[in-house]
Amino acid sequence: MAAVATAAPPIEARGLVKRYGELTAVDHVDLTVEAGSVYGYLGPNGAGKTTSLRMLLGLIRPDEGSARLFGHDPLEEGAAALDGVAGFVEAPRFYPYLSGRRNLELMAALDGGDAADRIDAALETVGLAGRDGDKVKGYSHGMKQRLGIGAALLRDPRLLLLDEPTTGLDPAGMRDMRELVRRLAADGITVLLSSHLMGEVEELCDRVAIVRSGRVIYEGELDALLHRASGQAQGWRLRTTDDQAAWDVCSYRPGLSDLTAGRDGLTFAADEREVAQLSLALARRDIAIVALVPAVASLEQLFFELTEGEEPA
């Protein structure tokens with residue numbers, strides 16, 4: 001029986017290394033981005049995210065390792081390896097004295113093919129159809145970022161690489177950019193989103209790689225990361241009809257730890273069996289439970305846990 005051919009993933013990098021003198025900006029990075037995902041490449045500023053993207057796109061040569069896009073190596077195959085790939089590294093750049101539409105027309109001419117036929121649709125998708133005749137120098141930062149994505153859409157991409165697309169945007173601009181990324185992903189475009197903003201990644205991504213000092217220190221499903229126990233008992237949040245009395249009950253239960261009180265009730269760590277016993281103990285004291293829910297760690301908490309403190313060996 002003949003073997004079934006498996007399509008190459010949109011991104012496959014193995015052992016990527018980039019050094020600048022004594023500085024190792026990217027240190028043996030492995031990445032696999034599967035089709036249809038929104039993949040977060042998360043790390044503090046200076047962690048090597050942008051350098052990694054440049055190597056993925058063939059803009060700079062790695063000192064070690066390899067990168068393939070849909071099975072093609074940009075260093076070996078040049079622009080042909082970027083078929084179906086688009087995006088921007090750092091901020092997109094345009095001719096400021098030309099209109100948004102004219103900038104896209106020039107880019108479409110460079111790409112050739114039917115890219116020019118997609119200008120209207122791209123402007124509509126990124127919400128600039130009514131401002132396409134304005135000179136880019138009059139655009140806000142958010143509009144320039146959206147025009148950058150519009151330029152990427154001229155290539156009819158299957159893979160979109162975005163480097164910090166919401167940096168410098170106001171809250172409304174960040175909201176609009178995130179909604180745009182959601183729509184593009186819903187249309188079947190695979191997205192690699194490089195960011196240092198935890199909320200952005202938590203909202204948009206289903207898989208993440210966290211980098212520190214050029215090294216990947218976590219890679220996997222976002223849900224699995226958020227539910228990791230970190231070797232501790234499960235955290236819980238409790239609200240009752242009498243939190244002061246509930247505090248007294250919790251204080252005397254040896255199976256509870258890390259008990260704290262706040263405006264939203266009590267938090268503690270315990271296993272499920274102890275939580276069940278606590279529920280009975282509260283009922284015996286005529287204390288009604290208003291809410292008792294698992295406290296899932298935030299991505300921000302886990303990010304700082306992974307990226308601060310001593311360097312991994």
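Me: Contact means heavy atoms within 4.5 Å. Among contacts in the chain between residues at least 6 apart in sequence, what percentage join residues at least 24 apart?
Reply: The model is predicted. The chain has 11 helices and 13 strands. Take the contacts between residues at least 6 apart in sequence; the share that joins residues at least 24 apart is 67%.

Me: How many of the residues in the chain are buried, as a percentage?
Reply: The C-alpha atoms fill a box of roughly 75 × 50 × 45 Å along the principal axes. The chain exposes about 16300 Å², and carbon and sulfur atoms supply 49% of that area. Buried means under 20% relative accessible area. Of the 313 residues, the buried part is 43%.

Me: Which strand pairs with S1 over 8 bridges?
Reply: S1 covers residues 11–20 and pairs with S4, residues 64–69, in the antiparallel sense over 5 bridges. Its pairing over 8 bridges is also antiparallel, and that partner covers residues 23–33. The partner strand is S2.

Me: What is the bridge partner of Glu12 in S2?
Reply: Two S1 residues show the pairing on either side. Val17 has Glu64 as its bridge partner in S4. In S2, the bridge partner of Glu12 is Thr32.

Me: Which residue in the turn of the S1 and S2 hairpin has a positive phi?
Reply: The hairpin leaves 2 residues between S1 and S2. One turn residue has a phi of about 65°. That residue is Gly21.

Me: Is Phe70 buried or exposed?
Reply: Most residues other than glycine have a negative phi. Phe70 is not a glycine, yet its phi is positive, about 55°. Phe70 sits in the loop between S4 and helix H2 (74–77). Its relative accessibility is 16%, so Phe70 counts as buried.

Me: How many Å apart are the end C-alpha atoms of H5?
Reply: H5 has 13 residues. At 1.5 Å a residue, these should span 18 Å. The distance in the model agrees with this: 19 Å.

Me: How many of the residues of H5 are buried?
Reply: The buried residues of H5 include Met143, Arg146, Leu147 and Ile149. The cover includes strand S5 (85–88), helix H3 (100–111), helix H4 (119–125), S6 and helix H6 (171–186). H5 is largely enclosed by the rest of the structure, because its buried residues number 11 of the 13.

Me: Which element gives the largest share of the largest nonpolar core?
Reply: This core has 45 residues, and Leu147, Ile149, Leu160, Leu162, Val191 and Leu299 have the most contacts inside it. Its largest share is 6 residues, supplied by H5.

Me: Which residues does Val191 contact, leaving aside its neighbours within four places in sequence?
Reply: Val191 is among the residues with the most contacts inside the largest nonpolar core. Leaving aside neighbours within four places in sequence, Val191 is in contact with Ser37, Val38, Tyr39, Leu160, Leu162 and Val181.

Me: How many residues are in the other core, which lies apart from the largest one?
Reply: In soluble globular proteins, nonpolar side chains tend to be buried together. Leu31, Tyr41, Val89 and Leu159 are among the members of this other core. Its residues number 25.

Me: Which residue forms a salt bridge with Arg14?
Reply: The whole structure has 18 salt bridges. Arg14 is partly exposed, at 37% relative accessibility. The N to O distance is 3.4 Å, between Arg14 and Glu12.

Me: Which helix holds both Glu105 and Arg102?
Reply: Their side chains meet in a salt bridge, 3.1 Å from N to O. Glu105 counts as partly exposed at 30% relative accessibility, and Arg102 likewise at 38%. The two lie 3 residues apart, about one turn, in helix H3.

Me: Which residues join Arg178 and Glu200 in one salt-bridge network?
Reply: The closest N and O atoms of Glu200 and Arg178 are 3.7 Å apart. The pair links distant parts of the chain: Glu200 in helix H7 (residues 198–204) and Arg178 in H6, 22 residues apart. Both Glu200 and Arg178 are buried. Shared partners extend the network to Glu179, Arg182 and Glu203.

Notes:
Residues numbered from 1 in each chain as written. Predicted model: local features only at pLDDT ≥ 70, side-chain atom pairs only at ≥ 80, totals over all residues. Heavy atoms only, no water. Pairing = 2+ DSSP bridges. Helix = DSSP H or I, 4+ residues; strand = E, 2+ residues; numbered from the N terminus. Buried < 20%, exposed > 50% of the residue type's maximum accessible area, 1.4 Å probe, protein only. Expected span 1.5 Å × (residues − 1). Salt bridge = Lys/Arg side-chain N within 4 Å of Asp/Glu carboxyl O. Core = buried A, V, L, I, M, F, W, Y, C linked by side-chain atoms within 4.5 Å. Areas by Shrake-Rupley, 256 points an atom, 1.4 Å probe, with all protein chains shown as cover.
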